[in-house]
Amino acid sequence: MNGTKIVTEKKAFMVMDAATLGVPKDDPNYYRTEVDYAMRVTNTGEFLHSAPWSVWAQGRRNVSHGCVNMSTTDAKWVY
């Protein structure tokens, strides 16, 4: 989603679980991922967060489930 957003919730550590969005565990789109420096920016579940596993793709490819992935250093700075 684009537009102006504000951070409405912050958690230093969070488990992102697709089941909270109604995705069953046997679905290929299911994920359960631990993240640091999670900042909610929409009520529908869009977050900014650390994603060290995708630094290679950040700014080049969409490898997210809808969040804004950042390096740990950058996410900590924004947090």
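Predicted model: local features only at pLDDT ≥ 70, side-chain atom pairs only at ≥ 80, totals over all residues.
Colleagues, I begin with the largest pocket, which holds about 320 Å³ of space. A pocket here is an open set of points on a 1 Å grid over the protein atoms alone, with protein on both sides within 12 Å along at least five of seven lines. Its volume is the space filled by probe spheres set on the points, which are joined across faces, edges and corners. Residues are numbered from 1 along each chain as its sequence is written, and side-chain values use heavy atoms, with hydrogens and water left out.

The pocket is lined by 17 residues, and Leu-21, Thr-44, Gly-45, Glu-46 and Phe-47 are the closest to its centre. A lining residue has an atom within 4 Å of a point. By class, the lining comprises 8 nonpolar, 6 polar and 3 charged residues; Ala, Val, Leu, Ile, Met, Phe, Trp, Tyr, Cys and Pro count as nonpolar, Asp, Glu, Lys and Arg as charged, and the others, Gly among them, as polar. Strand β1 gives the most to this lining, with 4 residues.

I turn now to the sheet. Four strands form an open sheet in the order β1-β2-β3-β4, with mixed pairing. Strands are DSSP runs of E of at least two residues, numbered from the N terminus, and two of them pair if DSSP finds at least two bridges between them. At the edges are β1 (9-17) and β4 (68-70), each pairing on one side only.

How do β2 and β3 pair, and over how many bridges? Strand β2, residues 32-40, and strand β3, residues 47-50, are antiparallel over 2 bridges. Met-39 stands opposite Leu-48, and Arg-40 opposite Phe-47. The two strands form a hairpin with 6 residues between them, and Gly-45 in the turn has a positive phi of about 105 degrees.

Ser-50 stands opposite Met-70 in β4.

Finally, Tyr-37 lies in strand β2. Tyr-37 has a positive phi of about 55 degrees although it is not a glycine. Tyr-37 counts as buried because its relative accessibility is 18%, where buried means under 20% relative accessible area with a 1.4 Å probe, protein chains only.

Methods:
1 Å grid on protein atoms, 1.4 Å probe; cavity = no way out; pocket = protein on both sides within 12 Å on 5 of 7 lines; lining within 4 Å. Buried < 20%, exposed > 50% of the residue type's maximum accessible area, 1.4 Å probe, protein only.
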